[in-house]
Amino acid sequence: MISTSALAVLDVVIEGVNSNVDISLKPIPSKEGIVLYDLEIDTKEPLYLDPIKLTWKIPGINVKGVWKPTTDFAKRIQADWELDHMESRISIDAPVIALFGNDDRNVMTFACSNAINTLEMNARLREEDNHFYCHMTFFSEQEQLIQNFKAQLRIDFRNLHFSDCLRDVSKWWETFEELKPTSVPDIAKKPVYSTWYQFHQNLREETLVQECKIAHEIGYEAIIIDDGWQTNDSNRGYDYTGDWQPERFPEMASLIKNIKATGMKAAIWYSVPFCGKKSKAYQDFKGKFLTEEHRWAPVFDPRYPEVREHLIGLYTNALNAWNLDGFKLDFIDDFHIYESTPLGKKDGRDYASINEAVDRLLTDVITRLKAIKSDIFIEFRQKYTGPAMRKYGNMFRAFDCPGDAVMNRVRIADIRMLCGNTAPHADMITWHNDEEVEVAALQLINTLFGVPQLSIMLNDAPHTHIEMIAFYTQYWNENRDTLLNGYFVPSKPLANYPTQRVSKEGKTIIGVYEEYVTTLENADNSIHIHNAQIANHIVIRNTKDFGNYQCQVYDCRGNIISESMLAFEKGLLEIAIPPCGILIAEKS
């Protein structure tokens, strides 16, 4: 751990400044354990700036790993001679890195207020002196002329759980006017039925409506109709994107009405940047693309006001005409500079910066949509789940990981620590129909601490699977406030968060994902422990005598397996719980 006195001598070096640039880096008053700097850059005339780098180093003491927002399983220490740097910009990642210790406590967390423009960051170990060399590099992407630029750097050395420091970074970002989050409607925090993994593009109206009836009966409140609604072409790809006419469902308003009659809210999917070569829009916007060499489809250039108006009009017209409740706006991260991208604010482009044009596009999208329906919900997915994206989206979903329960758990936790009150969503849950029900339950129980999204064909699912889904979904709905709004602590990032817990107002909910001994240091009146593994017991270590609890044990289908009074005495307590079952203990 870095001592508080060491903060005063933290040596931040500025590299890459030439004679035409004035730069200042001023420390500003901050609370104990946190260093803040104001960075300001001025030039005598507008310039395309060469990269400017802030660098510093700290001793490599008690550092177990390095947390970055979207590194998934790769949270190990990197040497300074390997791998590319992390890149953050408006539509990819978030400008924050945390070094955590062997006890999950923070060693150093550093972040930048510059969440819109491109920024390179890293913290890597140098073997020659066993120090971590850290940097932030501005203007690694020469997107536009600069005359004045401001940003703030925040370095946190407090001896707290690493997740507390990440949450505080999220709160800090919210203090900047250009990063104020949009409101989050209640529906954004309700279970979702998605069409992607079970239908792909082969959508059928009668089946959709029937699936909505079943989904609503077992606790799902909204459907996202994914790719395939706009075209009869069922090939993977985006050749027909850009026009977004409901070819497959020409009576889209009627379909949405029928879905809503089941009790479900309805949203539809758009791949925002893509304009397929078989669309009318491709001819209309020829020459107004960031690239035409993308592997999937040409990419709209949002620096053209007419491109932005076209995209905004698609969504507002759909909202008005079809009475939608939300949108899944996809592939935002494909808005960036390509090798063939023209530069500059000219030739009809009213922005030079693609990042700033994306900010304008999405600001206008959410403003215009909310003017029509104030509780509209908008889903974004990793990696475009950074602080700027909270301005326009109120649901952040884990990146696609079909059938991978562990990855889903990790990605939900990584999103959740930074997303504030924005709803953290699981990737859509899917499994094979022949899966054992306890193994299928792993998919749901691993998404416990995010909003569940389900993507299986319910009408074809075995009865035991439906019982399991209904039980877990009911449990999640009944405990939603604690699960989403409680104090969330994920353990051991390098082990993929094998235990996670939330606590709120006298209730603690714990997910145990590997055969770990679960420590209780403080016992709430209500303790729920999920045996999120294929094992028949869990082991609790009580740090003191907590008294007697009335306990009920459920299997994954909601059947009560046992009821008993248990003494939570100091020491180890082994409790029999079936695979993916739940212990609910109430203080007697």
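Biologist: Where does Tyr48 lie?

Modeller: Tyr48 lies in the loop between strands β3 (34-47) and β4 (52-59); strands are DSSP runs of E with at least two residues, and helices are runs of H or I with at least four, numbered from the N terminus. The model is predicted: local features need pLDDT of at least 70, and side-chain atom pairs count only at pLDDT 80 or more, while totals for chains, interfaces and linings use all residues. Residues are numbered from 1 along each chain as its sequence is written, and side-chain values use heavy atoms, leaving out hydrogens and water.

Biologist: Why does Tyr48 count as partly exposed?

Modeller: Its relative accessibility is 37%. Buried means under 20% relative accessible area and exposed over 50%, with partly exposed in between (1.4 Å probe, protein chains only); therefore Tyr48 counts as partly exposed.

Biologist: What makes the largest nonpolar core a core?

Modeller: A nonpolar core is a set of buried Ala, Val, Leu, Ile, Met, Phe, Trp, Tyr and Cys residues joined through side-chain atoms within 4.5 Å. The largest has 139 residues, and Trp229 and Phe327 have the most contacts inside it. Helix α7 (residues 305-322) gives the most to this core, with 8 residues. Apart from it lies another core of 36 residues, including Leu25 and Ile97.

Biologist: Which residues does Phe327 touch?

Modeller: With contact meaning heavy atoms within 4.5 Å, and residues up to four places away in sequence not counted, Phe327 touches several residues, among them Tyr315, Leu319 and Phe377.
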